Amino acid sequence: HILPWFISLILLTTITMKFTWEKYHQSWWKIFIFILMILLFITLFKESSFLFKQRDLNKDFYINYSKQSDIGSAIKIMKADNEKLFVVPDEWLIYYAADISHFSKMVNYYAWMSNVPELKNPLHQEFENNLPTFFYCDRCQFGYFGLEKYFGNYKYIKKDGHYTKLMVLKNKLNNLTNKQKDELRYYNFTLD
């Protein structure tokens with residue numbers, strides 16, 4: 001994404017040098033133009049490996065979007081009517097991929113919100129009354145959100161042998177059918 005900006009820098013530098021050269025033919029402007037050209041070439045030389053690097057689009061898309069899509073697919077496989085999902089802080093694609101209702105009015109819950117009683121207290125009250133079936137929490141291990149006391153009700157699921165950030169109510173995992181477990185295995189999710 002930086003390449004168009006770099007090309008704009010080159011273009012504007014070239015235009016500035018052209019106008020300067022046309023307006024002033026004195027020798028000190030030649031030195032100024034020479035210095036600008038040297039700086040431009042140094043920048044091009046030092047940043048060329050970054051600017052012109054070939055990208056692996058499949059890897060970029062897998063890293064950027066597939067995780068949320070896979071988590072959403074797993075939730076869609078396991079969900080039943082009237083079950084809800086709560087995502088912390090803001091992976092909205094999971095809601096879309098899972099085609100599931102939000103647990104709270106707040107679709108996202110950032111760490112700073114846990115310091116605002118008007119936002120924190122209603123959410124904690126909802127957790128006290130009825131836990132969401134699915135709870136996706138990114139960076140929860142650092143204790144930013146104040147929701148850690150509810151984690152004992154959940155179990156993390158694994159994908160490709162590593163724990164994901166998706167937690168599912170323990171009793172929900174115990175009630176999954178063999179068909180649902182087979183579909184989860186298709187996406188490389190395990191429940192152990």
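**Briefing: sheet pairing and backbone geometry**

P89 is placed in the loop between strand 1 (84–88) and helix 4 (92–98). In this predicted model, the peptide bond that leads from V88 into P89 is cis, with omega near -10°. The points below cover the sheet and then the backbone.

**Sheet**

- An open sheet is formed by 6 strands, and their order is 2-1-3-5-4-6.
- The pairing within this sheet is mixed.
- Strand 2 (101–102) and strand 6 (189–190) are the edge strands, each of which pairs on one side only.
- Strand 3 (residues 134–137) and strand 5 (residues 162–169) run antiparallel and are joined by 3 bridges.
- Y136 has L166 of strand 5 as its bridge partner.

**Backbone geometry**

- Most peptide bonds are trans, and most residues other than glycine have a negative phi.
- The bond from V88 to P89 is cis, and P89 belongs to the loop that runs between strand 1 and helix 4.
- N82, although not a glycine, has a positive phi of about 70°.
- The loop between helix 3 (57–78) and strand 1 holds N82.
- N82 counts as exposed because its relative accessibility is 76%, and the cut-off for exposed is over 50%.
- D99 is likewise a residue other than glycine with a positive phi, here near 50°.
- D99 is located in the loop between helix 4 and strand 2, and strand 2 is one of the edge strands of the sheet.

Notes
Residues are numbered from 1 along each chain as its sequence is written. This is a predicted model: local features need pLDDT of at least 70, side-chain atom pairs count only at pLDDT 80 or more; totals for chains, interfaces and linings use all residues. Side-chain values use heavy atoms; hydrogens and water are left out. Two strands pair if DSSP finds at least two bridges between them. Helices (H or I, at least four residues) and strands (E, at least two) are DSSP runs, numbered from the N terminus. Buried means under 20% relative accessible area, exposed over 50%, partly exposed in between (1.4 Å probe, protein chains only).
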